Amino acid sequence: MPDTVNIALVTVEGDLDVQTVPAVRRRVDHLVAQGCRRIFLNMANARYVDSAGMGLILTELRRVRAAGGLLSLVNVSPQAYLALRRMRVFDYMPVTRAGERRDVSAIDPSVLPEWRTTFRVEPSALDEARERMGELLAQLPFTPDEVFDMTLASGEALGNAVDHTCGGGVLATVAAYPDRVTIDVTDCGEGFELSADEEIPSSGPCAERGRGIRLMRLLADSVSIAHKSTGEGTVVRLVKLFDAAEPPAPDVAS
């Protein structure tokens, strides 16, 4: 059986109306049937959403939610954004306007994390690592949807690290600061670098991991890749900002 696609970006080719809805519906339904749990509708080319488009959004939202997943809209134009707001779609799903991106500033070196925990990721126990990551994230001031997204994003980073490293060489570190969480996934594979805003190259080691990096960037506020400070390997850092003031201390005893 083919590997399950956990995250997918579906592009709406033109306005989301009676003409484009059938193709989008077939694509989303196929992904859900294949076990995909996180679907983004890329609305960059859609300036208009009619009643058929609204019906598609709400129907597929219920379908994905019932399967334990999440559907959201990205790159929404100003015109479509107004229509979606009138229909109160924002009450039920994440919607991101075109060009909207949170500014992630560098951490002040004088600010220490509220807490930090590191654990080893065994290649044969990725599911346990993802579960542990989700437990830690759930104790932070995130919505359930944000926990869902960051667990998927970190899972993508963990999977990439295990796939590109020596056996037993992956570490995950979660650190909670007053305004954000950082997740560092460290491996001992072939090191390379990619800044948070840098375009993914079409060749080389970055290109090989390009799809996973693009998906992580959809889910997190910032994704960067750097060489380890000592030895060979790579550190993938994911950052997600809090909307609340301070993170609570986690129950790390478990």
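**View 1. Four strands form an open sheet in the order β1-β2-β3-β4, with parallel pairing.** In this predicted model, strands are DSSP runs of E with at least two residues, helices are runs of H or I with at least four residues, and both are numbered from the N terminus; two strands pair if DSSP finds at least two bridges between them. Because β1 (7-11) and β4 (95-97) each have a single partner strand, they stand at the edges, and one side of each is left without a neighbour in the sheet. From one strand to the next, the twist averages 20°, where axes are lines fitted to C-alpha atoms, for helices over the stretch in contact, and angles run from 0 to 180 degrees between N-to-C directions.

**View 2. Strand β3 (residues 70-76) pairs with β4 in the parallel sense.** Two bridges join this pair, and valine 76 has arginine 97, in β4, as its bridge partner.

**View 3. Helices α1 and α3 lie across strands of the sheet.** Helix α1 (residues 21-33) lies across β1 and β2 (38-42) and runs at about 165° to β2, while helix α3 (residues 78-86) lies across β3 and β4 and runs at about 140° to β3; contact means heavy atoms within 4.5 Å.

**View 4. The protein chain has seven helices and nine strands.** Of its 254 residues, 48% count as buried, that is, under 20% relative accessible area with a 1.4 Å probe, protein chains only.

**Notes.** Residues are numbered from 1 along each chain as its sequence is written. Local features need pLDDT of at least 70, side-chain atom pairs count only at pLDDT 80 or more, totals for chains, interfaces and linings use all residues, and side-chain values use heavy atoms, with hydrogens and water left out.

Notes. Buried < 20%, exposed > 50% of the residue type's maximum accessible area, 1.4 Å probe, protein only.
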